[in-house]
Amino acid sequence: MSRYVKINIPFIFRLRITRTGIIPCHYNSKMRTTFKAFWLIILCMVSVSVPQNTLADSTSRRPVFSSPSQLISAVNALRATHGLAPYQANSILMEIAQTHAEYLVSIGTVTHTSANGMRPFQRALAAGYPVAGDLSLGGFFSENVTAGVGQTAEEAVQQWMGDDPHKNTMLSGTLQDVGAGVGVYGNTFYYVLDAGLSTGGTPVAYTPPAPLNPSTPTIIPNTPNADGSIIHNVQTGDTLGSLSMAYAVPLADILKSNGLTIKSTIYVGQKIIIRPAFTPTPTQPTATPTIPPTMTPWPTSTSTSTATMLPPTPTPSPGLPVKAAGGAVAIIAVSALVLAGLIAFLGRKRN
């Protein structure tokens, strides 16, 4: 019958030292309970550490895109609350509204004038929509335009309710047909709503007027002034978007320098600040130190003293890192347990 010594380490494992070597015993019940509690704690920590925002739908942070039909639905819902019949979507008005929305995207601002200088009712006539009423006054036709970052169709309708001209376009008791267009550039949405009343018959003869800008003007950038500023004198056909492209300056910077918004209209002869004047940072002058004259000392007797050498101060050795010290303690503890087991084994053997 072989003799052995058991070394119990609570909650971890047991060692049995025999003549053939050190043999680990099976796990005890305390260790199984400890392991279960350990894994339960790990699972709880993992579940708590998961960011809650990753569980949210990522689509909720994306801009909500509104289609032209949704814009019409929002307008008709508004008309229903005021007891008015819904507008009827017209294919011609849908086409010209979408074309104008895409034009607004290309120039980066809002306007009722198209690229060839036409007004809204003139674009409708040119496309074949028979606008009713006195054409010299624009006929029975009205247009709303707006733009905004992340703006939805419902928000555009609420914005148009802020003044009478835009409100009358949506709540007219005379107009019957409608068209809508939506343009998108990044997170900025451009909305166009065209509402009109047709003659109900053959389209009236219409000759478009001469365009205000028959050819696309070429903007010649101005040279900077002495102070570094660049001022542009607006010419016919200039837009904020075209100025931004011609000078290679972000549109947001031009709007900020001039106190404008994306909905602002510029006029011929208006001076637009492309780049503000450069304000240099004042530099403090560097003081030149004045060196006083060197004094020539009178000759004196010099005493010679013997310097006492002090012993060098020992440099303390750096301590072990916390992790290394902890590992060393653990190794020492295990070695002590094994050594104690060997001593006990040898003592019993002698007995």
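The count of salt bridges comes to one, a salt bridge being a side-chain nitrogen of Lys or Arg within 4 Å of a carboxyl oxygen of Asp or Glu. The model is predicted: local features need pLDDT of at least 70, side-chain atom pairs count only at pLDDT 80 or more, and totals for chains, interfaces and linings use all residues. Residues are numbered from 1 along each chain as its sequence is written, and side-chain values use heavy atoms, with hydrogens and water left out.

The salt bridge joins R123 and E143, with 2.4 Å between the closest N and O atoms. R123 belongs to helix α4 (residues 120-127) and E143 to strand β5 (residues 141-149), so the pair ties together parts that are 20 residues apart in sequence. Helices (H or I, at least four residues) and strands (E, at least two) are DSSP runs, numbered from the N terminus. Both R123 and E143 are buried, where buried means under 20% relative accessible area, exposed over 50% and partly exposed in between (1.4 Å probe, protein chains only).

Strand β5 is also part of an open sheet of four strands, in the order β4-β6-β7-β5 and with mixed pairing. The edges are held by β4 (88-89) and β5, each with a single partner strand, so one side of each has no neighbour in the sheet. Two strands pair if DSSP finds at least two bridges between them. Two of the pairings are listed here.

| Strand pair | Sense | Bridges | Opposite residues |
|---|---|---|---|
| β6 (residues 177-185) and β7 (residues 188-196) | antiparallel | nine | G183 and Y190 |
| β5 and β7 | antiparallel | nine | T146 and Y191 |

Eight of the nine residues of β5 are buried, so the strand is largely enclosed by the rest of the structure. Helix α5 (residues 153-160) lies across β5 and β7 and runs at about 120° to β5. For such angles, axes are lines fitted to C-alpha atoms, for helices over the stretch in contact, and the angles run from 0 to 180 degrees between N-to-C directions. Contact means heavy atoms within 4.5 Å.

Helix α7 (residues 240-247) is mostly covered, with six of its eight residues buried. The buried residues of α7 are L240, G241, S242, L243, S244 and Y247. Their cover includes α3 (91-107), β8 (230-233), α8 (251-258) and β9 (271-275). After α7 comes A248, which has a positive phi near 55°.
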